[in-house]
Amino acid sequence: MNKKGLLIVVSGFSGVGKGTAVKKLVSEYGYSLSVSATTRAPRPGEVDGVDYHFKTVEEFEKLIDYNGFIEWAQYVENYYGTPKQFVEDELEKGNNVILEIEVQGAMHIKEQYPDAVLIFITAPNAVTLKDRLFGRGTEDAKVIGKRLKRAYEETDDMMHYDYLVVNDDLDKCVQDLHAVITAESFKSDRNSEHINIMKSELTDIRKEFIS
Ligand code: 5GP
């Protein structure tokens with residue numbers, strides 16, 4: 001029924017497992033995933049163009065100047081941004097696009113795209129979150145400390161999201177994300193075109209029964 005695709009923003013605390021959940025969601029249900037640009041160094045196993053478009057600060061700032069991002073933000077000393085062209089092309093094709101971005105970026109998206117669906121992935125509790133950050137083994141204690149401080153600040157923004165989904169069990173989390181997106185796509189105000197078509201078709205059909 002929808003002509004344009006849905007823009008779905010997924011945020012969540014650092015270490016909550018949102019990257020894994022989003023990748024599984026995309027591979028199981030065929031959503032389009034926007035690959036962000038960042039000035040952060042690749043982590044082991046990360047591939048340029050797949051996980052991120054890895055950029056120098058100069059390259060990133062040039063893209064800002066050329067209006068190449070629909071939003072960008074600084075997060076723990078690095079730049080992150082959502083490339084404009086890919087997102088707009090996919091929405092135009094009617095594909096549902098997922099952005100996995102942090103809170104400041106999500107708020108900018110909501111301003112520019114009021115129809116966007118905002119989902120925040122949270123942990124069952126704070127100890128689990130801390131344990132997951134240490135368990136990942138990719139950042140030292142100083143960086144983890146910064147990410148936990150940021151998580152604390154992000155609790156103030158959680159109410160601005162349309163949905164909170166808990167990542168306790170990965171499969172359940174992915175199913176819940178898909179359920180939320182599916183329900184959103186059926187909302188009557190997202191399907192006003194269908195209502196108009198039904199009305200106009202019924203206008204003609206009912207005439208056959210008027211004697
Ligand atoms: P990480 O360094 O752990 O991959 O990502 C750090 C944070 O940046 C995460 O919360 C991630 O969702 C966010 N992020 C990734 N890409 C973007 C983006 O394009 N824009 C914004 N605003 N945040 C992003």
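Student: Which exposed residues does the face of H3 turned away from its buried side carry?

Tutor: Some ground rules come before the reply. This is a predicted model, where local features need pLDDT of at least 70, side-chain atom pairs count only at pLDDT 80 or more, and totals for chains, interfaces and linings use all residues. Residues are numbered from 1 along each chain as its sequence is written, and side-chain values use heavy atoms, with hydrogens and water left out. Buried means under 20% relative accessible area, exposed over 50%, and partly exposed in between, with a 1.4 Å probe and protein chains only. Helices (H or I, at least four residues) and strands (E, at least two) are DSSP runs, numbered from the N terminus. Now the reply: Gln85 and Glu92 are the exposed residues on that face of H3.

Student: Which residues of H3 are buried?

Tutor: Helix H3 covers residues 84-92, and Val87, Glu90 and Leu91 are buried there. Viewed down the axis of H3, these buried residues fall within an arc of 100°, so they line one face of the helix. The arc is taken from the directions from the helix axis to the C-beta atoms.

Student: What do the buried residues of H3 pack against?

Tutor: Contact means heavy atoms within 4.5 Å. The buried residues of H3 pack against strands S1 (7-12), S2 (32-33), S5 (69-75), S6 (78-83) and S7 (97-100). After H3 comes Gly94, with a positive phi near 90°.

Student: How is a pair of packed helices described?

Tutor: By the angle between their axes and the distance between the axes. Axes are lines fitted to C-alpha atoms, for helices over the stretch in contact, and angles run from 0 to 180 degrees between N-to-C directions. Take helix H5 (residues 126-136) and helix H6 (residues 141-154): they pack at an angle of about 150°, with axes 11 Å apart. H5 and H6 are therefore roughly antiparallel to each other. Angles under 35 degrees count as roughly parallel, over 145 as roughly antiparallel, 65 to 115 as roughly perpendicular and the rest as oblique.

Student: Which residues make the contact between H5 and H6?

Tutor: H5 contributes Leu129, Lys130, Leu133, Phe134 and Arg136, and H6 contributes Ala141, Ile144, Arg147, Leu148 and Ala151. By class, that contact has 7 nonpolar, no polar and 3 charged residues. Ala, Val, Leu, Ile, Met, Phe, Trp, Tyr, Cys and Pro count as nonpolar, Asp, Glu, Lys and Arg as charged, and the others, Gly among them, as polar.

Student: What is the relative accessible area of Ala151?

Tutor: Ala151 has 7%, so it is buried. Ala151 touches Phe13 and Leu129, leaving aside residues up to four places away in sequence. Thr138 is in the loop between H5 and H6. At 37% relative accessibility, Thr138 is partly exposed.

Student: At what angle do the axes of H1 and H7 cross?

Tutor: Roughly 60°, with the axes of helix H1 (residues 18-29) and helix H7 (residues 170-185) coming within 9 Å. H1 and H7 are therefore oblique to each other. Their contact residues divide into 8 nonpolar, 3 polar and 3 charged.

Student: Which residues does Ser11 touch?

Tutor: Ser11 sits in strand S1. Not counting residues up to four places away in sequence, Ser11 touches Lys18, Ile101, Glu102, Val103, Ala106, Ile119, Phe120, Ile121 and Tyr161. Ser11 and Tyr161 are 150 residues apart in sequence and 9.0 Å apart in space, C-alpha to C-alpha. Ser11 is buried, at a relative accessible area of 0%.

Student: How many helices and strands are in the chain?

Tutor: The chain has 8 helices and 9 strands. Of its 211 residues, 39% are buried. Among contacts with a separation of 6 or more, 68% join residues 24 or more positions apart.
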